[in-house]
Amino acid sequence: NSEHIVETIEEIDYKSFPIDEQIYDALIKFGISPAGACGILANAKAESDLQPDNLENFYNRKFSLSDAEYTALADRGEIDFVHDAAGYGLWQFTYYSFKQVLLDAAKVKKTSVSDIGTQVEVLVKILETPEFSKLFKFLKTTDSPEEAAKEFMLVFERPANQTDTAIATRAAFAIEFYKIFN
C-alpha cells in the first residue's frame, strides 16, 4: 500500500540523522538541486562547522556565554537576539532582519532558534525574497557544487574574507559533500 509507505517515511525521526544529512535532505525538499544543497552545506561548514546553535566566537567572549547559554537566553526572550549584531546558527545570521525572521519562525513552530529545520526554512524564505531570488533560482538548477558554494558565499554570506583561498576552501567542502550525498 503506497499510502502506508508515505506515512511511514514521514514518521522517520530525521533529528536522529547526522546534521549534514538533515540539512541536505531539507534543502532538497525545498527544490534545491543536489549540487546547490552541497554548496549551501559547504558554507554552513565554513561559517559554523555545522553547529546550528553556533554563536560567533567573538560574541561568545564579549557576552561571556557558551553557544548553549546564548541559545537558551534567545529562546526565552531574555536577550536582544535580533539587534545584538552577533552571527548565529548554521549560516551565521547577523542582519537583524534575518534574525527577526528566525526568532519569529521559532516562536510560531514552537522550536528553538537552533532547530535545523527552522533554520533551513528561514534560509529558504530569505532566498525567496527579491534580493536573493536570482541566487535561489541558480541553486535550484546548478549541477556544480563548487559554483554553488562560491555564489552562495559571495551573494548570500558575503564574509569579510572573499579571497580565492576562501572561495577554494568552500568549493572543496562542497565537493566533499557532493561525494557523500551523490
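Helix H2 is followed by glycine 31. The phi of this glycine is positive, near 90°. The model described here is predicted. Six residues of H2 are buried: Asp20, Gln22, Ile23, Tyr24, Ala26 and Leu27. The buried residues of H2 pack against H3, H7 and helix H10, which covers residues 164-181.

Confidence in the prediction was examined next. The mean pLDDT of the protein chain is 92. A value of 70 or more is reached by 91% of the residues. Residues 1-12 have a pLDDT below 50. Beyond near neighbours in sequence, this stretch has two contacts in the model.

The overall fold is helical. The protein chain has ten helices and zero strands. Read along the sequence, its pattern is α-α-α-α-α-α-α-α-α-α. The radius of gyration is 16 Å, close to the 16 Å given by the globule rule for 182 residues, so the chain is as compact as a globular protein of that length. Along its principal axes, the C-alpha trace spans about 50 × 45 × 30 Å. Buried residues account for 45% of the 182 residues in the chain. The accessible surface comes to about 9500 Å², and carbon and sulfur atoms hold 54% of it. Among contacts between residues at least 6 apart in sequence, 59% join residues at least 24 apart.

The largest nonpolar core contains 45 residues. Trp91 and Phe156 have the most contacts inside this core. The largest share, seven residues, comes from H7. Leaving out residues up to four places away in sequence, phenylalanine 156 touches Trp91, Phe93, Phe98, Leu123, Ile126, Leu127, Phe132, Leu135 and Glu151.

Phenylalanine 177 counts as buried because its relative accessibility is 7%, and buried means under 20%. With residues up to four places away in sequence not counted, phenylalanine 177 touches Asp20, Cys38, Leu41, Ala42, Lys45 and Leu50. Asp20 is also among the buried residues of H2. Phenylalanine 177 and lysine 150 are 27 residues apart in sequence. In space they are 14 Å apart, C-alpha to C-alpha.

The structure holds seven salt bridges. One of them joins the side chains of glutamate 78 and arginine 76, at 2.9 Å from N to O. Glutamate 78 and arginine 76 are exposed.

Glutamate 121 and lysine 109 also form a salt bridge, at 2.9 Å from N to O. Glutamate 121 lies in helix H7 and lysine 109 in helix H6, so this pair ties together parts that are twelve residues apart in sequence. Glutamate 121 is partly exposed, with a relative accessible area of 35%. Lysine 109 is partly exposed, at 35% relative accessibility.

Another salt bridge links the side chains of arginine 158 and glutamate 131, at 3.2 Å from N to O. Arginine 158 is in the loop between H9 and H10, and glutamate 131 is in the loop between H7 and H8, so the pair ties together parts that are 27 residues apart in sequence. Arginine 158 counts as partly exposed, at 35% relative accessibility. Glutamate 131 is exposed, with a relative accessible area of 53%.

Terms used: Residues numbered from 1 in each chain as written. Predicted model: local features only at pLDDT ≥ 70, side-chain atom pairs only at ≥ 80, totals over all residues. Heavy atoms only, no water. Core = buried A, V, L, I, M, F, W, Y, C linked by side-chain atoms within 4.5 Å. Buried < 20%, exposed > 50% of the residue type's maximum accessible area, 1.4 Å probe, protein only. Helix = DSSP H or I, 4+ residues; strand = E, 2+ residues; numbered from the N terminus. Contact = heavy atoms within 4.5 Å. pLDDT = per-residue confidence, 0-100. Rg over C-alpha atoms; globule rule 2.2 N^0.38 Å. Areas by Shrake-Rupley, 256 points an atom, 1.4 Å probe, with all protein chains shown as cover. Salt bridge = Lys/Arg side-chain N within 4 Å of Asp/Glu carboxyl O.
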